[in-house]
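Hi everyone, thanks for making time for this. I'd like to walk you through one structure, so let me put the sequence and the model up on the screen.

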Amino acid sequence: MSAITWEVCASGGFETAWPELGDGMLRARGRAVGIDPEPYWVTYALETADRCVTRRLRVTVESADGSRTLDLLHDGHGHWTANGEPVPDVDGALDCDLGLCPLTNTMPVLRHGLHRTPGEREFLMAWVSVPDLAVRPSRQTYTHLGPGRVRFTSGDFRSDLAFDEEGYVVDYPSLATRLTAP
């Protein structure tokens, strides 16, 4: 398993992920450090099912406030729980989106081949904010712009992302830039 490291300018930190992609599934573990909005460490483990649909995201954050953990589960039928409690606001979402984490942009892009072929897709995501680990609904649109180029839009935010051939983020302007190849 090779590592991918990004400089995450949005948090003033860095992230390293160890992804494994195969048979339409993605598994990854990662660690990040940031200083904005406060100094923190993040450790996560991501598991997807067929077609890279999120099944589980486990996240631990350590900060001056102590340590907190989120266990976000998707039941495969459109329902989510966070630490065992239902999260009905994100029912219907197929994916999680861990805040400030470029790896979690991979699942919807891979599922629809948007880094390779024309198309535009809108998604409801189970968005996890960092460092507080709150789970909120997030409407996101991904639009193919050309080989390896995808426009990401959510509300008033828009960014044109660069992906490698495997579907991992290379450059996410205003968020992160990859420092190492997978």
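Let's begin with C52, which sits in the loop between β4 and β5, the latter covering residues 54-63. Please keep in mind that this is a predicted model. The backbone at C52 has a positive phi, near 60°, in a residue other than glycine. Is C52 buried or exposed? C52 counts as buried because its relative accessibility is 3%, and the cut-off for buried is under 20%.

S174 also has a positive phi, near 75°, and again the residue is not a glycine. You'll find S174 in the loop between β14 (169-172) and β15. With a relative accessibility of 51%, S174 counts as exposed, since exposed means over 50%.

While we're on the backbone, there are two peptide bonds to look at. The bond from D36 to P37 is cis, with omega near 15°, and P37 is in the loop between β3 and β4. The bond from V130 to P131 is cis, with omega near 15°. P131 belongs to the loop between β10 and β11, where β11 spans 135-146. As a reminder of the background, most residues other than glycine have a negative phi, and most peptide bonds are trans.

In soluble globular proteins, nonpolar side chains tend to be buried together.

Next, empty space. Rolling a probe the size of a water molecule over the atoms shows where such space is left. How many cavities of 30 Å³ or more does a search of the whole structure find? The search finds 1. Of the 14 residues lining the largest cavity, E15, A32, Y40, G99 and L100 are the closest to its centre. The space in that cavity comes to about 80 Å³. Strands β2 (13-22), β3 (25-34) and β4 (40-48) each contribute at least two residues to the cavity lining, and the largest share, 3 residues, is from β4. By class, the cavity lining has 11 nonpolar, 2 polar and 1 charged residues.

The largest pocket has a volume of about 250 Å³. Its lining is made of 18 residues, and D97, L100, W127, Y172 and L175 are the closest to its centre. So L100 turns up in both lists, for the cavity and for the pocket, because lining residues are those with an atom within 4 Å of a point. Strands β9 (95-98) and β12 (149-154) each supply at least two residues of the pocket lining. Sorted by class, the pocket lining holds 11 nonpolar, 6 polar and 1 charged residues.

I'll finish with one arginine, R178, in strand β15, residues 176-178. Is R178 buried or exposed? R178 is buried, because its relative accessible area is 16%, and buried means under 20%. What does the side chain of R178 pair with in a polar contact of 3.0 Å? The partner is the side chain of D164. Leaving aside residues up to four places away in sequence, R178 touches I4, T5, W6, D164, Y168, V169 and V170.

That's my tour, and I'm happy to go back to any part of it.

Conventions. Residues numbered from 1 in each chain as written. Predicted model: local features only at pLDDT ≥ 70, side-chain atom pairs only at ≥ 80, totals over all residues. Heavy atoms only, no water. 1 Å grid on protein atoms, 1.4 Å probe; cavity = no way out; pocket = protein on both sides within 12 Å on 5 of 7 lines; lining within 4 Å. Points joined across faces, edges and corners; volume = space filled by probe spheres on them. Helix = DSSP H or I, 4+ residues; strand = E, 2+ residues; numbered from the N terminus. Nonpolar A, V, L, I, M, F, W, Y, C, P; charged D, E, K, R; others polar. Buried < 20%, exposed > 50% of the residue type's maximum accessible area, 1.4 Å probe, protein only. Polar contact = N/O pair within 3.5 Å; in protein donor to acceptor, adjacent residues only side chain to side chain. Contact = heavy atoms within 4.5 Å.
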